[in-house]
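Subject: Structure handover

Hi,

Here is the structure I said I would pass on. Please open it alongside this message.

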Amino acid sequence: MTKDWTKEHVKQWVTEDLKIDEKYGQILLKEEVTGLVLQELTEKDLRDMELPRGPALLIKRMYNKLNNSFPENNNQD
C-alpha cells in the first residue's frame, strides 16, 4: 500500500516507474517524503520543494491514479 511506502520507496517510484530525473527523486528523499506524506502533498507543496511544474504534476496525478485503482486502500484505518 502506498501509504506504507518509506522515503526510499517514494524515490524509487518517482525515478524508476515515473522516469523522473534522479535529482528530483533526491529532493523528495532529502525532504523525507514517505507514502503517507506524499498522499497529503499538493502540487504547490512539490513546487515549493523546487520541483518543476511538469514533474510535480506528474507525481501528483500518477499518485492519485495509483491510489484510485486500489479502492481497498481507502478503508484500511
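Below is what I found, starting with the overall layout.

**Layout**

Keep in mind that this is a predicted model. The protein has five helices and zero strands. Read from the N terminus, the order of elements is α-α-α-α-α. The chain has 77 residues, and 35% of them count as buried. Take the contacts with a separation of 6 or more: 55% of these join residues 24 or more positions apart.

**Core**

The largest nonpolar core has 18 residues. Within this core, Trp13, Leu28, Leu38, Leu51 and Ile59 touch the most other members. Three helices, α1, α2 and α5 (53-68), each supply at least two residues of the core. In soluble globular proteins, nonpolar side chains tend to be buried together.

Leu38 is worth a look. Leaving out residues up to four places away in sequence, Leu38 touches Trp5, Val10, Trp13, Val33, Ile59, Lys60 and Tyr63.

**Helix pair α1 and α2**

How do α1 and α2 pack, and at what angle? The angle is about 160°, and the axes are 9 Å apart. An angle over 145° counts as roughly antiparallel. α1 and α2 are therefore roughly antiparallel to each other. Their crossing is right-handed.

Here are the residues that meet between the two helices. From α1 come Lys7, Glu8, Val10, Lys11, Val14 and Thr15. From α2 come Glu22, Gly25, Gln26, Leu28 and Leu29. Leu28 is among the core residues that touch the most other members, and Val10 is one of the residues touched by Leu38.

**Thr2**

Thr2 sits in the segment before α1 (7-17). Is Thr2 buried or exposed? Its relative accessibility is 6%, so Thr2 counts as buried. The Thr2 side chain makes two polar contacts that you can check directly. One is with the side chain of Tyr63, at 3.2 Å. Another, at 2.6 Å, is with the side chain of Asn67.

Lys19 is not a glycine, yet has a positive phi of about 60°. At 66% relative accessibility, Lys19 counts as exposed.

Glu32 is the other residue to check. Glu32 is found in the loop between α2 and α3 (35-40). Glu32 also has a positive phi of about 60°, although it is not a glycine.

Best wishes

Note on methods: Residues numbered from 1 in each chain as written. Predicted model: local features only at pLDDT ≥ 70, side-chain atom pairs only at ≥ 80, totals over all residues. Heavy atoms only, no water. Helix = DSSP H or I, 4+ residues; strand = E, 2+ residues; numbered from the N terminus. Buried < 20%, exposed > 50% of the residue type's maximum accessible area, 1.4 Å probe, protein only. Polar contact = N/O pair within 3.5 Å; in protein donor to acceptor, adjacent residues only side chain to side chain. Core = buried A, V, L, I, M, F, W, Y, C linked by side-chain atoms within 4.5 Å. Contact = heavy atoms within 4.5 Å. Axes fitted to C-alpha atoms, helices over the stretch in contact; angles between N-to-C directions. Parallel < 35°, antiparallel > 145°, perpendicular 65-115°, else oblique. Left-handed = near helix turned anticlockwise from the far one by under 90°.
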